Amino acid sequence: MRLTHWTDYSLRVLMYCAASEQREQPATVGEIAEAHGISRSHLTKIVMTLSGLGLLETTRGRGGGLRLLKPAHTIVLGDVIRQTESDFTLVECFDAEHNTCRLDGHCRLKGALREAMDRYLEVLDGVTLADLVAPEPGVRGAQRVRFVPGLPRPPEGVVRRPRVSASGESR
């Protein structure tokens, strides 16, 4: 399954806010937009949606910005994705109203994809926002983390795992 830009950006906003919780000044839409190269106006719409879902508190004016309304460890990734994704119709036969597949009822693709989707969401139900921004324990041979200006730095010595390509080579 591929997430929409809307959900991807929603997760980025939430993660940025979670990583910025200890800062005196809250994160701002402009700051997040610049850090991720996202349109400020598009991000504003996403922030308003996240606020409406009860995930973000928004404060206007000088000293204003964005803060999580709930502790990061209580925000479940699966719930956020269910609330921000608009279409879980992986194939036509998932939509009874528009299904024209002549194999419907005679193929097992729909069941296999439904099970895959259920397991996908089940995994995400076990991940919280806090899990996504927690510093990873040191891993031998890992690279140093590149930080976004303005985000708090984890303690010295925190490194991330090197990314591994499909062929098994470290990058």
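**Thr-128.** I looked up the contacts of Thr-128 (contact: heavy atoms within 4.5 Å). Leaving out residues up to four places away in sequence, Thr-128 touches Ala-72, His-73, Ile-75 and Val-76. I found Thr-128 in the loop between H5 and helix H6 (129-133). Helices (H or I, at least four residues) and strands (E, at least two) are DSSP runs, numbered from the N terminus. Thr-128 counts as buried because its relative accessibility is 15%. Buried means under 20% relative accessible area, exposed over 50%, partly exposed in between (1.4 Å probe, protein chains only).

**Ground rules.** This is a predicted model, where local features need pLDDT of at least 70 and side-chain atom pairs count only at pLDDT 80 or more, while totals for chains, interfaces and linings use all residues. Residues are numbered from 1 along each chain as its sequence is written, and side-chain values use heavy atoms, with hydrogens and water left out.

**Whole protein.** I noted six helices and four strands. Along the sequence they follow the pattern α-α-α-β-β-α-α-α-β-β. The protein has 171 residues, and 29% of them count as buried. I also checked contacts between residues at least 6 apart in sequence: 56% join residues at least 24 apart.

**H5.** Next I took helix H5, residues 109-124. H5 has 16 residues and reaches 23 Å from its first C-alpha to its last, close to the 22 Å expected at 1.5 Å a residue. That expected span is 1.5 Å times one less than the number of residues. Which residues of H5 are buried? They are Met-117, Leu-121 and Leu-124. Seen down the axis of H5, the buried residues fall within an arc of 55°, so they line one face of the helix. The arc is that of the directions from the helix axis to the C-beta atoms. These buried residues pack against helix H4 (77-84). On the other side of H5, I found Arg-119, Glu-122 and Val-123 exposed.

**H1 against H3.** I then looked at helix H1 (residues 5-19) and helix H3 (residues 40-52). Their axes come within 10 Å and cross at roughly 75°. H1 is therefore roughly perpendicular to H3. Angles under 35 degrees count as roughly parallel, over 145 as roughly antiparallel, 65 to 115 as roughly perpendicular and the rest as oblique. Axes are lines fitted to C-alpha atoms, for helices over the stretch in contact, and angles run from 0 to 180 degrees between N-to-C directions. From H1, the contact uses Trp-6, Tyr-9, Ser-10, Val-13 and Leu-14. From H3, it uses His-42, Leu-43, Lys-45, Ile-46, Val-47, Thr-49 and Leu-50.

**Ser-10.** Ser-10 counts as buried, at 0% relative accessibility. Not counting residues up to four places away in sequence, Ser-10 touches Ile-46, Leu-50 and Thr-84.

**H2.** My last stop was helix H2 (residues 29-36), whose buried residues are Val-29, Gly-30, Ile-32 and Ala-33. They cover an arc of only 165° around the axis, which puts them on the same side of H2. What covers them? The cover includes H1, H3 and strand E2 (65-68). Ala-35 is also in H2, but at 34% relative accessibility Ala-35 counts as partly exposed. Ala-35 and Tyr-16 lie 19 residues apart in sequence and 9.6 Å apart in space, C-alpha to C-alpha. After H2 comes Gly-37, with a positive phi near 65°.
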